[in-house]
Amino acid sequence: MLKLAGISLSVLLCSILIKEKNRAFAVMLSISGGILLFAAFMNELSTVVDRVKSLAQKSEISLSYFTLMLKALGIALITQFVSDTCRDNGENALASITETVAKIAVIVMLLPLFETVFDIVSGLLK
């Protein structure tokens, strides 16, 4: 956790100092810092994915459902990063559109899961 705080505060301080001289470079520094944070914590993310896979194997539930869940989570995290970056740069409309498109992408991706749930419910009602 200290690694996260150290990277974030370092990028923040550099960005604040540079923003007065060159706003475009400060934005690029902030985006690069965000990417650096994601890269620094990829090992933890792979640990989570491995644990979810082992839970899926233990619980006789199809691995494809857990894969869909992880993809939806990935889309949500990336979308949050992108939309926050857009908002920080004054592009509120672009941030809102990005969030809406990501929600649509998650719904489209989860359609097979909705169909499976619908089939189960309709089978129980018959």
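Predicted model: local features only at pLDDT ≥ 70, side-chain atom pairs only at ≥ 80, totals over all residues.
Let me begin with helix 1 and helix 2. Helix 1 spans residues 2-19, and its axis comes within 8 Å of the axis of helix 2, with a crossing angle of roughly 175°. Angles over 145 degrees count as roughly antiparallel, and helix 1 and helix 2 are therefore roughly antiparallel to each other. On the side of helix 1, the contact is made by Lys3, Leu4, Ile7, Ser8, Val11, Cys14, Ser15, Ile18 and Lys19. Helix 2 contributes Arg23, Phe25, Ala26, Leu29, Ser30, Gly33, Leu36, Leu37 and Ala40. By residue class, this contact of helix 1 with helix 2 divides into 11 nonpolar, four polar and three charged residues.

Two residues of this contact deserve a separate word. The first topic is Ser15, which sits in helix 1. Is Ser15 buried or exposed? With a relative accessibility of 7%, Ser15 counts as buried, because the cut-off for that class is under 20% relative accessible area. Setting aside neighbours within four places in sequence, Ser15 is in contact with Ala26, Leu29 and Ser30.

The next topic is Ala40, whose place is in helix 2. Ala40 is likewise buried, at a relative accessible area of 18%. Which residues does Ala40 touch, once those up to four places away in sequence are not counted? They are Lys3 and Ile7. In the case of Lys3, the separation from Ala40 is 37 residues in sequence, while the C-alpha atoms are 8.5 Å apart in space.

I turn now to helix 3 and helix 4. Helix 3 covers residues 42-58 and helix 4 covers residues 63-88; their axes come within 9 Å and cross at roughly 155°. Helix 3 and helix 4 are therefore roughly antiparallel to each other, and their crossing is right-handed. Val49, Val52, Lys53 and Ala56 of helix 3 make the contact with Leu63, Phe66, Met69 and Leu70 of helix 4. The residues here divide into seven nonpolar, no polar and one charged.

My last subject is aromatic pairing. In general, a pair of aromatic rings is described by the distance of the centres and the angle of the planes. How many aromatic pairs does the model contain? The count comes to one aromatic pair. That pair is formed by Phe38 and Phe81, with 5.3 Å centre to centre and 80° between the planes. The arrangement is edge-to-face, because planes over 60 degrees apart are placed in that class.

As for solvent accessibility, Phe38 is partly exposed, with a relative accessible area of 38%. Phe81 is also partly exposed, with a value of 25%.

One further residue of helix 4 is Ala76. Ala76 counts as partly exposed at 43% relative accessibility. Between Ala76 and Phe38 there are 38 residues of separation in sequence and 14 Å in space, C-alpha to C-alpha.

To close, I return to the helix pairs: helix 1 and helix 2 are roughly antiparallel, and helix 3 and helix 4 are roughly antiparallel.

Conventions: Residues numbered from 1 in each chain as written. Heavy atoms only, no water. Axes fitted to C-alpha atoms, helices over the stretch in contact; angles between N-to-C directions. Helix = DSSP H or I, 4+ residues; strand = E, 2+ residues; numbered from the N terminus. Parallel < 35°, antiparallel > 145°, perpendicular 65-115°, else oblique. Left-handed = near helix turned anticlockwise from the far one by under 90°. Contact = heavy atoms within 4.5 Å. Nonpolar A, V, L, I, M, F, W, Y, C, P; charged D, E, K, R; others polar. Phe/Tyr/Trp six-rings, centres within 6.5 Å; stacked < 30°, edge-to-face > 60°. Buried < 20%, exposed > 50% of the residue type's maximum accessible area, 1.4 Å probe, protein only.
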